[in-house]
Amino acid sequence: MNIHEYQAKQVLGKYGVPTSHGIVALKSEEIDELIKNFDAKVYVVKAQIHAGGRGKAGGVKVVRSKEEARSIAHDMYGKTLITHQTGPKGQVVKRVYIESGCDIAKEYYFSAVLDRSSNRITFMASTEGGVDIEEVAEKTPEKIIKVSVDPVTGILPFHCRALAFRLGFSGDKAKQMMKIAESVYNAFVATDASQIEINPLVETTDGNLLALDAKINFDDNGLFRHPEIASLRDEAEEDPLEVRASKADLNYVRMDGTIGCMVNGAGLAMATMDIIKLYGAEPANFLDVGGGADKERVAEAFKIILSDKAVKGILVNIFGGIMRCDIIAEGIVAAAKEVGVKVPLVVRLAGTNFELGKKILANSGLEIIAADDLGDAAQKIVKAV
């Protein structure tokens, strides 16, 4: 789960990360009243969307008068921002954040991520802040600093010192950096985050370090422990079908193709998408119904897939392990009849009771195309579409 910048700063602030002061308008009519009592030497007006590249798209403006800030905030609210992360459709701005600016001496990049290759929380930092870290990694990888923390010991002073000194800090600024590193680590662990990114982390002209921007991604599987974090979710920033799927405990990601996929198991789902592309078509979605799929979950999966108007056919690829293929087949038949599938439907079953499952599909009276294996299924759905 992602949250907005202003929310990320509120979370990090609770753990001791220094951030700038700001106000957020959730409605256009709130802007005038909020800014009336907000005074700053410099005003920074920021569109709040779940995407990077806002500045290049006109979503970040710096002005010196309250009236300019008020006017820009009104203009920004409701505007569609198109960035490299939103796609061509863009994202409508429904929240505007106004914060006090600062005099910047230098910008840095700082983040904490879960490194699955080492099973550790890893800090990534660079003296090249304010730009895409991917660009730094590609052109000047030597400028990226990495420090990993063993979960057995947790963060220790030497981790913090390594980050501070390798970024070139000394004296008081080194102490500030060490405190920020410790605070970010504590926030990461305490909130079940999967990534915390501060870009840029700035050094002001008066010698202070400040998180000028912040992003936090949370592990969805840990949200049940954090209702206060879950309450920060902004469903308006997410695809409506993905929101609907999450409420049905379905792992669904919408894509740009025409062949809907319903699979049990993430690895099998990825293989299914790959083989669809191999035979010349594009998957419309990733959808993992899980190992314990029942009739109701299968029916909801069909409804979600068919709600995407781009879908011209559906490939169901099920391996019966925990759930037997005959039970899955009964669910597919019941769901197909309930939903009224009007596009080509190819079903491949393998595993426990797959022969019985195929018989149930064949005797269903529905136009279901049976497949012998994954390659056969992919060829048949591509041909049918």
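1. By class, five nonpolar, three polar and four charged residues make up the lining of the second largest pocket. The model under review is a predicted one. The volume of this pocket is about 180 Å³. Its lining is formed by Leu114, Arg116, Ile121, Phe188, Val189, Asp192, Ala193, Ser194, Asp219, Asn221, Gly222 and Arg225. Two elements, α6 (171-191) and β10 (193-204), each give two or more residues to that lining.

2. The largest nonpolar core holds 41 residues, of which Phe110, Phe123, Met177, Val184 and Ile216 touch the most other members. Helix α6 supplies the largest share of this core, with eight residues. In soluble globular proteins, nonpolar side chains tend to be buried together.

3. Beyond its neighbours within four places in sequence, Val184 is in contact with Val17, Phe110, Ala112, Phe123, Ile196 and Ile198. A second, separate core comprises 30 residues, including Ala301, Ile305, Ile314 and Ile328.

4. Ser126 belongs to strand β8, which spans residues 120-126. Is Ser126 buried or exposed? Ser126 counts as buried because its relative accessible area is 0%, and the cut-off for buried is under 20%.

5. Which backbone atoms does the side chain of Ser126 reach? The backbone nitrogen of Glu128 is reached at 3.0 Å, and the backbone oxygen of Lys143 lies 3.0 Å from a polar atom of the Ser126 side chain. Leaving out residues up to four places away in sequence, Ser126 touches Tyr108, Tyr109, Ile133, Val136, Lys143, Ile144 and Leu167.

Key. Residues are numbered from 1 along each chain as its sequence is written. This is a predicted model: local features need pLDDT of at least 70, side-chain atom pairs count only at pLDDT 80 or more; totals for chains, interfaces and linings use all residues. Side-chain values use heavy atoms; hydrogens and water are left out. On a 1 Å grid over the protein atoms alone, a cavity is a set of points where a 1.4 Å probe fits but cannot get out, and a pocket is an open set with protein on both sides within 12 Å along at least five of seven lines; lining residues have an atom within 4 Å of a point. Grid points are joined across faces, edges and corners, and a volume is the space filled by probe spheres set on the points. Helices (H or I, at least four residues) and strands (E, at least two) are DSSP runs, numbered from the N terminus. Ala, Val, Leu, Ile, Met, Phe, Trp, Tyr, Cys and Pro count as nonpolar, Asp, Glu, Lys and Arg as charged, and the others, Gly among them, as polar. A nonpolar core is a set of buried Ala, Val, Leu, Ile, Met, Phe, Trp, Tyr and Cys residues joined through side-chain atoms within 4.5 Å. Buried means under 20% relative accessible area, exposed over 50%, partly exposed in between (1.4 Å probe, protein chains only). Contact means heavy atoms within 4.5 Å. A polar contact is a pair of N or O atoms within 3.5 Å; within protein, one must be able to donate a hydrogen and the other to accept it, and residues adjacent in sequence count only if both atoms are side-chain atoms.
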